[in-house]
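Welcome! Let us take a short tour of a protein model and look at a pocket, a loop and a helix.

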Amino acid sequence: MPVFAPMEPTTQLELHLAARMSRLGTETAFEVLNKARALERQGKNIIHLEIGEPDFDTPANVVDAGVEALRKGWTHYGPSAGLPDLRQAIADYVGRTRAVKVSPDEVVVVPGGKPIIFYTMLALVDQGDEVIYPNPGFPIYESMIDYAGGKAVPIQLKEERDFCLDVRELASLINDRTRLIILNSPQNPTGGVMTRRDVHDVAEAIGERNIIVLSDEIYSRLLFEGDHYSIMSVPGFKDRTILLDGFSKTYAMTGWRMGYGVMRSDLATHMTRLMTNSNSCTASFTQVAGIEALKGDQSSVDHMRDEFKKRRDVVVDGLNKIKGFSCRLPKGAFYVFPNITKTGWKSKKLADALLEEAGVACLSGTAFGDFGEGYLRFSVANSMENLKAALDRVNEWTKKNL
Ligand SMILES: Cc1ncc(COP(=O)(O)O)c(C=O)c1O
């Protein structure tokens with residue numbers, strides 16, 4: 001009978017990662033959330049103001065539609081570009097809200113807003129192509145530009161301009177290698193909003209050049225004053241715009257994973273190929289619920305926006321009373337972005353200290369790019385009670401430490 005010697009533990013083989021992985025960034029919100037959860041496991045009480053998702057439940061009519069869809073068997077693959085009825089509902093909605101004619105073959109439904117960013121880079125950006133993007137801004141833009149081999153060209157959003165881009169600076173950054181310009185209004189993390197005038201100025205700066213605009217309008221229904229205005233509505237820009245919108249923020253459906261892009265139909269065909277190659281399709285029952293979200297009662301959307309506005313007012317007011325903090329009133333989305341330079345602390349260090357010592361999880365402005373230094377981002381997607389408690393904690397902490 002052979003006697004087997006216990007196996008020697010195998011040496012860890014070196015992991016040969018593809019070079020492109022070194023160019024892939026991340027979204028710090030998820031890392032801070034993990035760190036906060038670890039502190040909670042140690043018994044610490046943390047108020048979560050780091051993650052960007054509505055604290056409300058998905059509206060009941062949408063949940064019911066999803067549950068019914070599951071029971072009716074919407075549990076199989078569907079077309080890669082999305083269910084025809086949902087594409088039609090999105091075409092109608094975007095057509096109505098952006099005052100353009102949209103046909104369903106210009107709509108691609110994807111699992112969340114993020115894939116539209118990823119697919120846009122994969123479909124349009126070649127090695128060395130330049131992409132202008134807002135900084136501070138949603139970190140996935142820069143990460144995806146780099147990953148695709150493009151050159152990420154930041155345009156700084158400045159506080160004194162209410163975090164709206166400077167069109168003269170934009171004009172100076174555009175050159176023959178510029179392939180894509182990313183706009184985001186209402187903006188994450190600053191809450192800045194582009195007015196109709198701003199949008200027309202950007203369109204004018206682009207002029208007749210063959211540049212595509214990725215217009216991230218995922219917060220378009222979270223606007224506290226005025227009307228949302230898209231560059232897609234500017235004459236001549238419909239076919240040069242990829243409009244990104246979705247269900248995550250508007251209908252508190254972050255976990256359902258559903259968003260969409262609206263773009264010229266030939267580009268939509270290529271985006272659909274990327275969907276076929278990566279996800280096959282967005283979950284079918286999720287899409288059925290999406291039809292109800294778009295066509296059903298919209299009162300919960302208005303309710304959430306009104307609540308976010310009340311909380312924004314309380315948080316901005318509270319932050320402005322804290323030593324070293326000053327905060328503008330954001331016009332949209334559900335974040336506030338106070339300037340903390342007068343604390344004398346660097347953003348990351350301050351965010352870490354507030355988490356570990358004050359039990360308030362927020363994000364360093366630098367999580368949104370280098371131009372975020374000097375700022376913190378607090379999400380107001382938490383109860384008024386928790387927001388007030390967080391303000392007290394930050395206030396107490398600054399009294400002790402500044
Ligand atoms: C500006 C912006 N665009 C896109 C997304 C992605 O949304 P989704 O969760 O639907 O992928 C987010 C989410 O935080 C965002 O803030």
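## Reading the model

Helices (H or I, at least four residues) and strands (E, at least two) are DSSP runs, numbered from the N terminus. This is a predicted model, in which local features need pLDDT of at least 70 and side-chain atom pairs count only at pLDDT 80 or more, while totals for chains, interfaces and linings use all residues. Residues are numbered from 1 along each chain as its sequence is written, and side-chain values use heavy atoms, leaving out hydrogens and water.

## The largest pocket

H1 and helix H4 (114-124) each supply at least two residues of the lining of the largest pocket. H1 gives the most, with three residues. Closest to the centre of this pocket are Glu27, Gly52, Lys114, Phe138 and Lys249, out of 25 lining residues. (On a 1 Å grid over the protein atoms alone, a pocket is an open set of points where a 1.4 Å probe fits, with protein on both sides within 12 Å along at least five of seven lines; lining residues have an atom within 4 Å of a point.)

## Asparagine 188

Where is asparagine 188 placed? Asparagine 188 sits in the loop between strand E5 (178-184) and helix H7 (196-206). Asparagine 188 has a relative accessible area of 4%, so it counts as buried (under 20% relative accessible area, with a 1.4 Å probe and protein chains only).

## Helix H11

In H11 (residues 347-358), the buried residues include Leu350, Leu354 and Ala358. Just after H11, glycine 359 takes a positive phi of about 70 degrees.

Key. Buried means under 20% relative accessible area, exposed over 50%, partly exposed in between (1.4 Å probe, protein chains only).
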